[in-house]
Every structure is written in C-alpha cells, then in structure tokens.
Amino acid sequence: MKNSATELRRAFIRYFEQHGHQAVPSSALIPQADPTLLFTNAGMNQFKRVFLGEESRAYKRAVTVQKCLRAGGKHNDLENVGYTRRHHTFFEMLGNFSFGDYFKEDAIRFGWEFLTETVGLAKDRLWVTIFREDEEADRLWRKIGVPASRIMRCDEKDNFWQMADTGPCGPCSEIHFDQGAVVPGDDRPNGEGDRVIEIWNLVFMQYNRDAAGTLHPLPKPSIDTGMGLERLVAVAQGVLSNYDSDLFTPLLTAIANRAGVKYGDNDQLDRSMRVVADHLRAIAFLMTDGVLPSNEGRGYVLRRILRRAARHGRLLGIVEPFLYGLTTSVVEQMGAAYSEVTRAAGTIAEATRGEEERFIATLDQGLPILNDMIGMTRAAGGTVLAGGDVFKLYDTYGFPMDLITEACREQGMTVDEPGFDAAIEEQRARARKTGGFEQVTARPAVAELAKRVGSTQFVGYDRLESDSVLRAILKGEQLVKEASEGDEVELALDATPFYAEGGGQVGDCGTLLGPEGLVEITDTTRPAPMLILHKGIVQKGTIREGEQLRLAVNASTRQDAARNHTATHLVHAALRDLLGPHVKQYGSLVGPNRLRFDFAHFRPLSSRDIDDIESTVNEEIRKNEAVCAEVMNIQDAVANGALAFFGDKYGEQVRVVSVESFSKELCGGTHVGRTGDIGLFRIVSEGGVAAGVRRIEAQTGSGAYTLMKKLEADVRELSDVLKVGQSELAAKTRKLMAQLKDKERELEELKLKMAGGSAAASTAKTVAGVAVHVQRTDGLDVNGMRALADQLRDKLKSGVIALGAALGDGKVSLLVVVTKDLIGKVKAGDLIKAMAAEVGGSGGGRPEMAQAGGKDPAKLDAALEKVFGLVEKALQR
C-alpha cells in the first residue's frame with residue numbers, strides 16, 4: 001500500500017538519515033529518571049537534558065519515532081478518545097532534532113521537502129503558521145515557495161513554545177493541511193472545526209527566559225520538531241479520520257468480527273469500537289514497558305484505560321473477557337516496528353485477562369444499580385445524578401467515577417460532582433476521626449539541628465570504624481552540651497561509617513567511644529536530606545559536644561544486612577528474567593535477619609517459579625561474581641541499563657551497583673564484595689499484598705542455614721510421628737488427608753440426614769397459597785445449610801425456605817431460599833434483612849438466595865417465626 005504506516009515510518013527515518021541525522025530508538029513510555037513526567041508524551045522528552053545543556057551526545061542531529069501516551073496529568077486525551085476523529089491515548093511521534101547544529105532554514109527546508117516530495121502532499125493544500133514577530137521564518141517560508149497568502153501570523157498561544165516558566169523557549173512554525181470542504185470547519189488554520197488540521201510543529205529554540213521574563217538569545221539555537229504519525233498517515237492516505245487509516249482498520253475489523261457487528265453501520269457502536277481499538281494499543285505498549293494495573297500512579301492510568309475499553313465491550317454486546325484475545329492483533333501489527341511488543345505478548349494477554357475478570361465482577365454488581373439510578377432520575381424529570389448516590393455506588397461496589405460519568409454522558413445526563421466530592425471528603429473526615437490520625441509535623445529541634453550542623457559525610461562503604469567529632473547532642477527535643485549514663489540521645493557527627501536507614505535497608509547499630517563515655521547505638525536515621533543522627537543510650541560515663549569519638553559499626557549485623565541487600569538485587573534480576581520486564585520493585589525491607597521484596601506481577605508464583613528463582617540466585621552466589629559500585633551521571637547510568645524507579649528522586653550523580661552482567665541498579669545501600677559472600681539463599685514465603693503486587697520473604701547466610709536445619713528437624717519429627725521413612729512422608733500424608741476428607745464427608749451427610757428428618761425443629765405452613773418451610777438447623781455449617789435448602793427446594797418445587805442455626809461460638813447463621821417462580825413478589829434478600837435485624841446481625845444476597853449472620857442466639861426462634869408474616873406482607877404488595 002502506498003504511504004502505508006510502515007512505509008511512512010521508514011521513509012521518515014531514511015530521509016533524515018540521508019541528511020546527516022542519527023536514528024535514535026524510541027525511549028520507553030516510562031520516562032527514566034524524570035520525576036516530572038508520568039509518561040513520555042513527546043519525542044523531545046529523551047533529549048530534555050541535552051536541550052537544557054546538562055548532557056551532551058555523540059551526535060548533533062537526531063531523528064526518532066517515539067512511543068507516546070497522553071492519558072494522565074496535564075496532557076490527558078482519554079475522555080475524548082472515540083468521540084473525535086483524531087484523539088488517542090497511545091500514539092507515535094515523528095521528530096527531527098538539532099542540538100546547536102542547523103537552525104530555521106534547514107528545519108523549514110527539511111519539513112517542506114519531506115511532506116511535498118517524499119510523502120507527496122499537494123502544496124496548494126498546505127498552510128503555514130508562524131509567530132507574529134518571526135520575520136526570519138516568514139522570509140524563509142516564502143523563499144522555499146510558500147505563497148504569502150498561505151502564511152498566517154499567530155500569537156504566543158499558538159506559535160511560541162517554552163519548556164517551563166523559565167529556560168529554553170522560542171517561536172515555532174506549524175504546517176497545516178486543508179482536508180477540503182467535505183470536512184466542516186473554517187478554511188484556515190486555528191479556526192473552528194477540523195477542516196484545516198495541524199500535522200507538524202517546528203520549534204525554534206533560540207531564547208532563554210530568565211526569572212524576570214526577559215528573553216536572552218541562546219549561544220547555540222536548537223530545533224525540536226514533532227509530527228503525529230497517526231495524523232500524517234490519515235492525510236497521506238486521503239482519509240478523513242485517523243481511524244480509517246491502515247494503523248487502525250485491521251484492529252477495527254478484528255473488534256467488529258469479535259462483536260459480530262460491522263464498523264460503519266451504527267454511530268454508537270462505531271464509537272465503542274474506536275475506544276477499544278485505541279485502548280488496546282495503549283494497553284499493549286504500557287504492559288510491554290512494565291506497567292501493570294494497580295490503584296496508583298501509572299498502574300491506575302492503565303487500569304482506567306483497560307476498564308474503559310472493557311465497558312465499551314459491553315456496549316458492543318460482549319459480556320465475557322475479550323480484550324486479552326485482541327491484544328494479539330496489536331502485536332501482529334506493531335511487532336515489526338517494536339520487537340519488544342512481540343517478546344511481551346504472553347504477559348500482555350495474561351495480565352489483560354486477569355484485569356478483565358476482576359472488572360467484570362465489578363460491572364455485574366454495579367451496572368444494574370447505575371441503570372436504576374439513571375432511570376429513577378429521568379422518571380423524576382431530572383438530568384443530574386445525585387452526588388451522594390453516586391458515591392455509594394463508587395464506595396460500596398468500587399465502580400469507577402470516570403465510567404459513571406461517561407455512562408451518564410451517553411444518556412444525556414450529568415453527575416453532581418460537587419456532591420460526590422463532598423461525600424468523599426466527609427468519608428475521609430470520618431476516617432481521620434476514627435483512626436485518630438494527627439498531622440505529622442517536622443520536629444523543630446531536628447530542623448534547627450540541620451541548620452546548625454549542616455551535612456554529615458558518610459564514609460561507611462569501605463570501612464566500619466572511624467574517628468569523628470561530636471557536633472551536637474539531642475536529648476528528647478532539647479539540644480544539650482553533654483549527656484550522662486542512662487540518657488537516651490540522638491547524636492550528630494561530622495562524618496560517620498554508620499549507614500542511615502534508607503532505600504529499604506535498616507540503619508546500622510554499634511558503639512561510640514569517647515574520652516569519658518560509651519554510647520550504644522541502636523539505630524541510625526536521616527531525618528533531613530544531609531543530616532545523619534545516631535540514636536542510642538549512654539552506657540557509661542559522659543559524652544560532650546566537640547569531643548572526638550571512636551565510631552564502630554556492629555560488623556556482624558552490617559554484613560548480614562549487606563548479604564540481604566545484594567540478594568534483593570539478585571532476586572529482582574531473577575524475577576525479571578523469569579517473569580518479564582513488567583516486574584519492578586514496589587518496596588523492600590533489608591535487615592540483618594531477613595529480606596522482604598515487593599514487586600509488580602499479576603498472579604501468584606507457582607512452586608516451580610519459586611524453585612527457579614531460588615536456583616538462579618544461588619547459581620549467581622556460587623559464581624562468586626564481583627559486586628561493583630560506581631558513581632556516574634544519571635543519564636549515563638540509565639543508558640547503560642541501570643534500573644531507575646518512578647517516584648524516586650535522583651541527583652545529577654548516582655551510585656550504580658552491578659553484579660557482572662546479571663544485575664545493575666541505582667542504589668545507595670551497602671553490599672557484599674562478591675556474591676559468594678552471601679553464602680546461601682532460601683525463599684521463606686511468597687504471597688500477595690495488594691492487587692498486582694506480590695511479596696517474597698527470604699533469608700541468606702546463617703539465617704538460611706538455620707531455616708534449613710529447622711525444616712530438617714520438622715521432617716524428622718513428622719517421620720517419627722507417622723512412623724514412616726522420610727522418603728515416604730508425602731505419600732503417607734496424602735493418604736491420611738484423603739481418609740480424613742472421607743470421614744468429614746460422612747459426618748456432614750449424617751448431620752444433613754438428621755436435620756432433614758427432624759420434624760420437631762421444623763415448621764411448614766401455607767401462606768396465601770405459598771408453601772413456607774422454617775427450620776432450626778443447629779449443628780450444620782453454612783455449606784450444610786445450603787445442601788439442606790437444596791433438598792427442601794427440590795421437594796417443595798415452589799415455596800420459601802428459611803433456615804437458622806445457633807453456632808457454638810455464640811453466633812447465628814441464617815439462610816433464605818425462594819424458588820424462581822416467586823421472586824417477582826418475594827425476595828430472599830428482603831426477608832433475610834428483617835430476620836438478621838432480629839438477631840442483631842446483617843446480611844443480603846440475590847432475590848433467590850440470601851444469607852446473614854447474627855450475634856443473639858436467644859432470638860433465633862423469633863427470627864424464624866417472623867418469616868411467615870414477612871412472606872404474607874410481600875404477597876399482599
């Protein structure tokens with residue numbers, strides 16, 4: 001196909017390579033070491049430090065096709081996707097860049113030549129906008145052949161770019177394309193409608209704006225351009241919507257086939273298919289770059305995108321998980337340009353399916369309630385859903401607010417957002433009051449100490465002992481000149497080998513010895529960025545401000561902590577190798593006695609996974625590889641493959657800890673010299689701590705050895721108790737468990753038989769022609785009560801069954817079943833609520849079956865007797 005997306009992508013790179021540009025691969029959607037960005041949203045993001053003069057590259061000209069996402073923060077197109085022809089969450093940005101090399105004349109020439117000669121766009125359909133004061137740009141566009149009548153001057157809003165309030169900035173020229181009178185809108189740029197659309201922005205960075213707002217010429221002006229591939233492809237292929245280009249038509253066809261509909265036949269269905277098509281691309285690329293659905297940060301944005309696509313699937317008539325199957329279409333289409341998508345295909349499908357299944361449960365509960373709310377509001381003549389009601393749906397069922405808003409929008413209604421916000425704030429206030437939370441403020445004494453003492457130099461990477469001057473003594477909240485035996489103190493020194501708690505690693509302990517006193521240090525903290533405090537108790541004599549002390553870190557606990565810290569790096573690398581690049585650290589605890597590592601993953605690890613991780617880590621330990629630490633520029637570290645984490649703040653210089661080619665992370669903690677120093681690694685447990693977050697707990701060295709000896713002792717004891725050899729333990733245990741299960745089943749069957757034949761404990765009446773069976777079932781658990789209710793329902797064919805059991809722990813269990821022919825008038829949920837209230841409990845359920853608990857067995861008979869009257873009232877309504 002002429003001007004296909006694949007062809008245009010390649011042509012762009014090829015054109016600029018022929019003009020001396022270095023082709024630079026797309027950076028990830030997760031900006032490395034840039035806490036100001038949630039996602040990469042422009043081609044220039046990876047060159048930001050170059051433009052700021054903080055970094056240099058081996059080339060002066062660059063060309064990229066950059067993966068971008070705009071679905072959170074300042075740049076957020078999510079709500080418009082599907083409703084317009086050109087909004088997307090994920091998109092590709094074509095860009096050429098000059099770092100102090102060529103400037104306006106070449107940038108303008110390159111842009112015009114590529115569009116008119118390489119792509120073949122008609123010159124008479126192109127417009128150019130320039131900054132109103134940019135006479136040079138006006139002259140250069142005329143020089144290249146653009147008529148004055150097609151050059152339009154605009155103000156700062158449209159044609160002046162700046163990175164921030166201060167720093168590099170400059171005028172820009174935008175190239176626009178006239179799609180013709182068939183598209184509604186003005187026949188000139190920046191007007192109403194979509195007839196004339198911007199396709200390429202050329203930014204001329206030629207000034208530096210200072211704090212006073214004054215513009216100063218840059219010594220080396222630069223070029224930053226950006227053009228959306230999706231819009232270029234649509235224009236080049238002569239279609240009026242990005243979704244009609246070959247970037248989207250294969251996906252839309254796959255979605256239409258899955259839904260059993262045809263794209264183009266129905267506006268509402270078309271909109272939903274566009275939403276799904278766009279969001280599938282975002283889902284695939286976010287997961288490829290290591291983002292998984294969660295309730296915060298980037299993971300929450302992905303969750304919103306995926307759940308929005310799933311809801312639009314329902315609007316297409318698809319009620320089961322389906323997105324995971326369509327991710328293969330994205331992989332097939334984009335894999336040639338982005339090989340990493342192909343490598344992550346399995347992870348994308350599996351993680352997508354898991355999130356779909358969780359969301360379907362939410363929708364099944366929440367959608368009927370939302371539809372009822374909309375129906376009742378409309379019946380009352382209203383068009384706004386009450387904020388308090390919306391909050392109940394959000395709070396009770398976890399129904400996302402953005403989906404509530406969109407569902408209302410589709411029905412021509414709105415949400416009372418101020419009322420919703422007020423309900424949210426009221427709940428937060430109650431939580432704060434109930435939890436007794438107080439505002440945490442910085443300790444004034446620590447703030448004063450930090451100003452007075454300044455920074456503490458850490459010297460503990462290569463030594464455990466040093467001499468240092470005692471700069472200050474903090475006793476409680478008071479700065480004192482001296483401290484004596486028994487005093488609890490926090491000490492500030494000019495330098496220390498004690499590691500302060502940070503990066504998941506606990507603080508060091510040890511001793512401080514002075515001319516006349518001894519302090520036992522129990523913890524080391526960093527309450528201010530540059531201040532380290534040593535917490536401890538004066539064990540002997542007196543210490544005084546200004547004295548020189550001998551500092552000694554407890555070598556045993558430091559070495560154990562170092563073993564565990566290096567092991568966490570090995571675990572992280574092993575998890576990424578085994579499970580995929582989506583695995584990333586969510587938190588850790590590194591102490592001398594254990595390690596804990598939280599990481600992103602969408603399912604529990606299997607026994608085999610755990611064995612593989614253990615084996616991999618122990619293999620690295622046996623290799624006895626060198627563990628090296630090096631301080632370098634943050635960008636060099638990331639470029640060399642070091643892992644940096646979103647939310648962490650990094651300085652210009654960072655410390656990189658490497659284990660040969662196996663692991664490389666930014667880390668300020670203490671580590672062993674060689675992996676062999678770890679000795680042994682054993683995983684103690686693996687489990688979930690939140691949706692999409694798993695936790696591994698493990699031990700190393702002597703702790704791992706002690707764990708193994710304990711397990712061996714347990715096995716020997718079990719072998720003695722069961723009177724079998726250790727090799728026969730598993731088979732014997734399975735046999736005993738099978739026998740136990742058989743006995744439990746026999747016991748339950750006996751209880752059920754006794755309950756079913758107990759006429760004394762049951763009462764059956766006919767109420768207005770409906771059979772009502774009420775029975776006490778003391779001794780039966782919930783499963784037994786359900787089994788008995790099934791028997792009675794089969795026997796009655798039509799009727800109401802209410803069962804109640806007094807449990808041994810002073811509690812009550814209730815169960816109500818209504819046959820399907822009666823649920824139009826009698827609902828099990830309504831009956832159970834009234835019964836539960838009688839015994840001091842609560843409950844609910846479906847119209848045909850509901851259960852509840854209570855805490856007053858003495859009123860159980862009264863609760864059961866109440867059923868007859870409740871059924872009679874229900875039948876009279």
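**Entry 1: α7 and α8.** I looked up how helix α7 (residues 249-259) packs on helix α8 (residues 267-288), and the angle came out at about 120° with the axes 9 Å apart. That angle makes α7 oblique to α8. I noted that the model is predicted. The crossing of α7 over α8 is right-handed. I then listed the residues that meet: from α7 they are L251, L252, I255 and A256, and from α8 they are M273, R274, V276, A277, L280 and R281. I sorted this contact by class and got eight nonpolar, no polar and two charged residues. As a reminder to myself, an α-helix has 3.6 residues a turn, so residues three or four places apart point the same way.

**Entry 2: α9 and α14.** I took helix α9 (residues 297-315) and helix α14 (residues 401-410) next, and found an angle of about 35° and axes 10 Å apart. Here too I wrote down a right-handed crossing, α9 passing α14. On the α9 side the contact uses R304, R307, R308, R311, H312 and L315, and on the α14 side D402, L403, E406, A407 and E410. The classes for α9 with α14 are three nonpolar, one polar and seven charged.

**Entry 3: α17.** After α17 comes G580, and its phi is positive, near 130°.

Technical notes:
Residues numbered from 1 in each chain as written. Predicted model: local features only at pLDDT ≥ 70, side-chain atom pairs only at ≥ 80, totals over all residues. Heavy atoms only, no water. Axes fitted to C-alpha atoms, helices over the stretch in contact; angles between N-to-C directions. Helix = DSSP H or I, 4+ residues; strand = E, 2+ residues; numbered from the N terminus. Parallel < 35°, antiparallel > 145°, perpendicular 65-115°, else oblique. Left-handed = near helix turned anticlockwise from the far one by under 90°. Contact = heavy atoms within 4.5 Å. Nonpolar A, V, L, I, M, F, W, Y, C, P; charged D, E, K, R; others polar.
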